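Student: I have a new structure to look at. Can you walk me through some of its local features?
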Amino acid sequence: MIENYRERINKIADILSKSLEKYPNKTTIDYYNPVIIKSGINDFDGKKEYLDTSSVEGINNISADERIAYDQRPSRANMQPIPDSVWFAKMKASYKNLIIGKSDIDIINSKILSTGFQGIKASKKLPLSLLSAFIISKDFNSQRDLNSVGTTMAGINNETFMKINVPLLTESEVVDFDNKYKLLIDELSILRRKINSLKQEKSLLLSKYF
């Protein structure tokens with residue numbers, strides 16, 4: 001079942017990526033005034049799960065086991081997940097994405113992200129469906145790599161991110177796109193939670209019988 005759900009996630013990603021092909025005109029992503037999420041987290045009691053870039057593979061495929069306290073955490077554990085945001089690994093040649101909708105309460109309330117992730121908040125001009133399609137597309141990731149800076153740990157920064165070319169949609173096309181594909185974004189959240197539940201059941205069964 002887990003593999004079936006992951007295959008469905010991959011199919012949704014493919015649908016979203018291919019949906020951009022009908023828009024041949026290009027512009028830099030700064031045309032959409034993307035809201036880059038700054039580092040810094042809210043104070044919290046108890047412990048939360050820390051997600052560094054090694055904890056995420058593909059789209060919403062999370063495997064984390066490190067728990068941190070607010071006053072006892074790695075210096076890179078400093079990004080706050082928020083509703084209607086997309087996160088991707090800044091590091092060159094990596095495909096690690098988180099799409100966080102309003103219903104992803106478990107991530108929003110119980111996890112802290114690494115500064116190795118670039119977070120973008122959705123807006124009216126750049127709704128979550130379109131933002132997600134941009135970020136997970138092969139073209140975006142190729143350009144992310146081309147625009148990466150640095151030597152040993154090359155990656156993108158805010159300035160080079162803004163130079164990435166993406167499809168140009170009119171205001172009405174943005175609205176139509178969101179109306180058509182926003183339910184797929186909701187389904188990604190549902191599938192992630194189903195996979196998480198199955199992982200927990202699997203872990204309980206393994207601990208019981210082995």
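Tutor: A term to begin with: buried means under 20% relative accessible area, exposed over 50%, and partly exposed in between (1.4 Å probe, protein chains only). This is a predicted model, where local features need pLDDT of at least 70, side-chain atom pairs count only at pLDDT 80 or more, and totals for chains, interfaces and linings use all residues. Residues are numbered from 1 along each chain as its sequence is written, and side-chain values use heavy atoms, with hydrogens and water left out.

Student: OK, salt bridges. How many does a search of the whole structure find?
Tutor: Ten. A salt bridge here is a side-chain nitrogen of Lys or Arg within 4 Å of a carboxyl oxygen of Asp or Glu.

Student: What does glutamate 3 form a salt bridge with?
Tutor: Its partner is arginine 6, and the closest N and O atoms are 3.8 Å apart. Both residues lie in helix H1 (residues 2–19), three residues apart, about one turn of the helix. Helices are DSSP runs (H or I, at least four residues), strands are too (E, at least two), and they are numbered from the N terminus.

Student: And is arginine 6 buried or partly exposed?
Tutor: Arginine 6 is partly exposed, at 24% relative accessibility. Glutamate 3 is exposed, with a relative accessible area of 57%.

Student: Which residue pairs with lysine 18?
Tutor: Aspartate 14, with 3.4 Å between the closest N and O atoms. This pair also lies in helix H1, four residues apart, about one turn of the helix. Lysine 18 is partly exposed at 48%, and aspartate 14 is partly exposed at 37%.

Student: What about aspartate 84, where does its side chain meet a salt bridge partner?
Tutor: At lysine 102, with 2.3 Å from N to O. Aspartate 84 is in the loop between S7 and S8, and lysine 102 is in the loop between strand S9 (96–100) and helix H2 (105–110), so the pair ties together parts 18 residues apart in sequence. Aspartate 84 is buried at 19%, whereas lysine 102 is exposed at 60%.

Student: Which residues are linked in a network of salt bridges?
Tutor: Asp104, Asp106, Arg192 and Arg193.
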